[in-house]
Amino acid sequence: MPKQPRDETDPSRSLQLSVDRNSPVPLYFQLAQQLESAIERGTLTPGSLLGNEIELAARLGLSRPTVRQAIQCLVDKGLLVRRRGVGTQVVHSRVRRPLELSSLYDDLEAAGRHPRTTVLTHVVEPADARVAAALGIAEGADVRTIERLRYAHGEPMARLRNHLPARLLDCDTAQLEATGLYRLMRAAGITLHSARQSIGARAAGPADADLLGEEPGAPLLTMERITFDDTGRTVEFGAHVYRASRYSFEFQLLARP
């Protein structure tokens with residue numbers, strides 16, 4: 001069998017990879033964790049290609065099935081993709097968002113993820129019963145409804161739907177596509193103080209699947225948030241969906257005293 005050519009452009013060749021055969025952690029999982037860490041740190045950048053499995057297996061003294069299983073683990077997580085005629089390619093790492101009163105735009109920008117926004121809906125309309133209850137206003141009162149598709153590195157990440165009291169904020173579609181909603185609110189003198197938030201999950205319907213680039217039935221994370229300013233006034237009701245393959249929420253838990 002002819003010898004496989006060495007890929008000098010393979011960024012994984014510069015990684016300090018190793019496995020501990022005395023560890024109870026399976027070898028494939030040890031390798032998968034190290035590759036995932038390199039992707040999250042940005043050492044393996046989006047779009048870069050991994051070398052062939054034969055060379056990686058020989059370098060670590062592992063079998064090809066073990067290396068293949070490690071790579072498949074990251075393919076299943078959405079961090080790697082196998083492309084016919086191209087090879088195994090790094091995809092954008094999953095966004096891990098802390099549970100704090102921040103906007104997705106700010107979190108993506110802070111992580112160097114180049115957020116971009118497309119406004120799908122921007123109208124002033126009568127509040128239905130659900131929105132009115134969330135905002136503490138009368139049903140039928142005017143609300144500003146904003147629906148946006150948020151991208152990171154050109155890839156759709158989330159569909160965001162926000163409802164605000166109609167006279168709270170004067171903004172146009174161009175502003176909403178240029179920056180984050182919370183930035184616009186702060187610039188208007190609104191001090192965001194606290195929020196009530198709930199997180200769930202559901203399967204993607206045809207419309208969300210099409211918008212987010214997922215298959216119908218793929219898992220989506222959901223988040224609803226009611227936000228208050230420093231006077232206790234309700235200033236926003238948000239109902240958002242996120243791609244579970246690209247997004248997660250992080251919690252910090254403290255033990256009871």
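Predicted model: local features only at pLDDT ≥ 70, side-chain atom pairs only at ≥ 80, totals over all residues.
Me: What about Y28: buried, exposed or partly exposed?

Reply: Y28 has 24% relative accessibility, so Y28 counts as partly exposed.

Me: How many aromatic pairs does the count give?

Reply: A pair of aromatic rings is described by the distance of the centres and the angle of the planes. Here the count comes to one aromatic pair. The ring centres of Y28 and F29 are 6.2 Å apart and the planes stand at 75°, so this pair is edge-to-face.

Me: Which ring does the charged end of R116 sit over?

Reply: That is the ring of Y151, with the charged end of R116 4.0 Å from the ring centre.

Me: Now the sheet, please. In what order do its six strands lie?

Reply: Reading across the open sheet, you meet β4, β5, β6, β9, β8 and β7, with antiparallel pairing. At the edges are β4 (115–126) and β7 (192–203), each of which pairs on one side only. On average, neighbouring strands of this sheet are turned by 15° against each other, direction ignored.

Me: Over how many bridges do β8 and β9 pair?

Reply: Nine bridges join β8 (residues 219–229) and β9 (residues 234–243), in the antiparallel sense.

Definitions and conventions. Residues numbered from 1 in each chain as written. Heavy atoms only, no water. Pairing = 2+ DSSP bridges. Helix = DSSP H or I, 4+ residues; strand = E, 2+ residues; numbered from the N terminus. Axes fitted to C-alpha atoms, helices over the stretch in contact; angles between N-to-C directions. Phe/Tyr/Trp six-rings, centres within 6.5 Å; stacked < 30°, edge-to-face > 60°. Buried < 20%, exposed > 50% of the residue type's maximum accessible area, 1.4 Å probe, protein only. Lys NZ or Arg CZ within 6 Å of the ring centre and 35° of its normal.
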